[in-house]
Amino acid sequence: MNDFVAIDVETANGEPSSICAIGAVKVTDGYITDRFYELVKPEPDYYFRHFTLNIHGIGPQDTENARCFADVWADLEKMIGDLPLVAHNKAFDERCIKAAHRVYGIDYPDHLFLCTLQSARRMIPRAQLTSYSLPFVCEFLGIPFYNHHNALADAEACAKIAMTLL
């Protein structure tokens, strides 16, 4: 695969539609050509769980003046166009993106959505990894990776995994 958009979302709590950050990396002809990152005001005014705050460090003070998902998605959709999406554990990211679309009454574009986690599980023997999480897969593949749970950093790591495995 040479053309796709790797995407990652972070949520404020356990509610899938509570997206508080979204990151995306566009790959064209096998090269990273664009990056997108934005904090998102989780609506309807979701609370931030202490658990998720400790994971990604984003809290209500960070998103109180952020744009809502519908406005952020409108800009991100221009970057995505008709390209397929890729995520590490796409079940989570796709569920959250679809839930946010429902909350805002936006038609979901139904992109082809691929998963680097599933690909890693198929292609890398379990004996070679202690976990298939993003940091472990990156380390195994020799992909430098910093700032786990930052949506842009995770999307870029996912893009590099996809360029290697897909």
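These legends accompany a set of close-up views of a predicted model. Local features are described at pLDDT of at least 70 and side-chain atom pairs count at pLDDT 80 or more, while totals for chains, interfaces and linings use all residues. Residues are numbered from 1 along each chain as its sequence is written, and side-chain values use heavy atoms, with hydrogens and water left out.

**View 1. Helix α6 meets helix α7.** Here we look at residues 134-141 (α6) and residues 151-165 (α7), whose axes come within 10 Å and cross at roughly 45°. Helices (H or I, at least four residues) and strands (E, at least two) are DSSP runs, numbered from the N terminus. The axes are lines fitted to C-alpha atoms, for helices over the stretch in contact, and angles run from 0 to 180 degrees between N-to-C directions. The pair α6 and α7 is therefore oblique; angles under 35 degrees count as roughly parallel, over 145 as roughly antiparallel, 65 to 115 as roughly perpendicular and the rest as oblique. The crossing of α6 with α7 is left-handed, a term for a near helix turned anticlockwise from the far one by less than a right angle (clockwise would be right-handed). On the α6 side you will find Leu 134, Val 137, Cys 138 and Leu 141, in contact with α7 residues that include Asp 154, Ala 157, Cys 158 and Ile 161; contact means heavy atoms within 4.5 Å. Sorted by class, the residues of this contact are eight nonpolar, one polar and one charged. Ala, Val, Leu, Ile, Met, Phe, Trp, Tyr, Cys and Pro count as nonpolar, Asp, Glu, Lys and Arg as charged, and the others, Gly among them, as polar.

**View 2. Helix α5 against helix α7.** Residues 116-123 form α5, which packs with α7 at an angle of about 40°, the axes lying 10 Å apart. The two helices are therefore oblique to each other, and their crossing is left-handed. Thr 116, Ser 119, Ala 120 and Met 123 of α5 make the contact with Cys 158, Ile 161, Ala 162 and Leu 165 of α7. Six of these residues are nonpolar, two are polar and none is charged.

**View 3. Helix α4 and what covers it.** Among the buried residues of α4 are Cys 96, Ile 97, Ala 99 and Ala 100, along with Lys 90 and Asp 93. Buried means under 20% relative accessible area, exposed over 50%, and partly exposed in between (1.4 Å probe, protein chains only). The cover over them includes β1 (4-11), β2 (19-28), α3 (69-80), β4 (85-87) and β5 (113-115). Glu 94, also in α4, is buried at a relative accessible area of 13%. Beyond its neighbours within four places in sequence, Glu 94 is in contact with Tyr 108 and Phe 113. Just after the helix, Gly 105 has a positive phi of about 65°.

**View 4. Lys 26 and Leu 83.** Lys 26 sits in strand β2 and is partly exposed, at 22% relative accessibility. Leaving out residues up to four places away in sequence, Lys 26 touches Phe 4, Val 5, Tyr 31, Ile 32, Thr 33, Asp 34, Met 79 and Leu 83. Leu 83 belongs to the loop between α3 and β4 and is buried, with a relative accessible area of 17%. With the same exclusion, Leu 83 touches Asp 3, Phe 4, Val 5, Lys 26 and His 111.
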